[in-house]
Amino acid sequence: MTVEDTVPPEIKLTTNPDHYTLPGHPYEEEGYTASDNVDGDLTDKVTHEEKDGTVTYKVSDSSGNETTVTRTIVYDDPIPPVLALKGDSEITIQAGSDYTDPGYTAEDNVDGDLTDKVSVDGSVNTYSADTYTLTYKVQDNYGNEATATRTVTVEPVRQADTGNPSGKIVYLTFDDGPGEYTSKLLDILSKYNVKATFFTVGSGHPDLLKAEADAGHSIGIHSATHDYSKIYASEDAFFADLRKQQDTIENATGIRTTLVRFPGGSSNTVSKSYCSGIMTKLTKDLTDMGYQYFDWNVTSGDAGETTNTSVVVQNVISGIQQHDVSIVLQHDIKGFSVNAVEQIIQWGLAHGYTFLPLTAESPTAHHGVNN
Ligand SMILES: [Zn+2]
């Protein structure tokens, strides 16, 4: 008696939960078994074919019963790209110098070179001493992300003590103060060990006059009143005003200064409307008396052309590049101008300039007398 076998064989697929196939890579067979109620183990008889992401397994038993099962290939890429920084991951630069990122490369096991896909978060302000973090990120086409960070420390550059300066010299001078921004300015100058010169007006802030002197800055006379109609009315009027400011400075600091800057500069013509020829007399008198008067050869524009800190910075930086010895005119009663000083110093120190206070022997940058 013949018993008809109508039960087909069974195919069991081995499934490895950790297994995946990298996109673009050939599938590696994970394995299978086949068995039949009559024929027993039929694993050796199984055929399989891979096509379009599907593997089709077939086997027949001795009675011709056929079984077909399929496996869908899981293409997956769990491996993130490798994001590598060029250069050091910790970089220190001096304030005012240029920062150029050394760059990076990104390489993925599936996607290949992903360097063009890297994004950078963060930026470096070389004009502000601080530590900055740059975060680099890249994703491959399967959403695997790689990140890298770089810290860039911007160090304040302190001017070395300048006993015997050489190279390019900058004299920063500040007129019309002391005022409400003078303390901030003194802090900035101190941070970089830079000495400047204050051509002072009036007696409203003896404490600030003293602070300027104590910090080693030069103090000069601008005037007691800054009132053109009074100081340029006559020689007597001018020298009465000058002596008053001389006394104010001496009372506050103990210093008798010989440094003078004329309100409006020695070339001013406004004095002509109060006293014809007075500048010719005053410049000769002052020199004969042992004073030194100073004009300037770099204008910051803060006297009226601009109220913009960035413009002041640019004016001064471009100005001092025109001279081996620069005398820069700014006003410490103007906050936007004081705010420009740190960038000016940083740039100057980074580019080899030495900042000095004016003394009796310093260059004077005389404009020439027009009245
Ligand atoms: Zn002035």
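Modeller: What follows sets labels against values in a predicted model.

Biologist: Why are helix α1 and helix α2 called roughly parallel?

Modeller: Helix α1 covers residues 182-191 and helix α2 covers residues 206-214. Their axes cross at roughly 10°. Angles under 35 degrees count as roughly parallel, so α1 is roughly parallel to α2. The axes come within 11 Å.

Biologist: Which residues make the contact of α1 with α2?

Modeller: On α1 they are Thr182, Ser183 and Leu186. On α2 they are Leu208, Ala211 and Glu212. These residues divide into 3 nonpolar, 2 polar and 1 charged.

Biologist: Is His222 called buried or exposed, and why?

Modeller: His222 has a relative accessible area of 4%. Buried means under 20%, so His222 is buried.

Biologist: What stands out about phi of Asp52?

Modeller: Phi of Asp52 is near 50°, a positive value in a residue other than glycine. Most residues other than glycine have a negative phi. Asp52 lies in the loop between β4 (47-51) and β5 (54-60).

Biologist: Why is Asp52 called exposed?

Modeller: Its relative accessibility is 73%. The cut-off for exposed is over 50%, so Asp52 counts as exposed.

Biologist: What is phi of Asn193, and where is this residue found?

Modeller: Asn193 has a positive phi of about 55°, although it is not a glycine. Asn193 sits in the loop between α1 and β15 (197-201).

Biologist: How do you know whether Asn193 is buried or exposed?

Modeller: Asn193 has a relative accessible area of 16%. That is under 20%, so Asn193 is buried.

Biologist: What makes the peptide bond from Gly177 to Pro178 cis?

Modeller: Its omega is near 0°. Most peptide bonds are trans. Pro178 has its place in the loop between β14 (168-175) and α1.

Technical notes
Residues are numbered from 1 along each chain as its sequence is written. This is a predicted model: local features need pLDDT of at least 70, side-chain atom pairs count only at pLDDT 80 or more; totals for chains, interfaces and linings use all residues. Side-chain values use heavy atoms; hydrogens and water are left out. Axes are lines fitted to C-alpha atoms, for helices over the stretch in contact, and angles run from 0 to 180 degrees between N-to-C directions. Helices (H or I, at least four residues) and strands (E, at least two) are DSSP runs, numbered from the N terminus. Angles under 35 degrees count as roughly parallel, over 145 as roughly antiparallel, 65 to 115 as roughly perpendicular and the rest as oblique. Contact means heavy atoms within 4.5 Å. Ala, Val, Leu, Ile, Met, Phe, Trp, Tyr, Cys and Pro count as nonpolar, Asp, Glu, Lys and Arg as charged, and the others, Gly among them, as polar. Buried means under 20% relative accessible area, exposed over 50%, partly exposed in between (1.4 Å probe, protein chains only).
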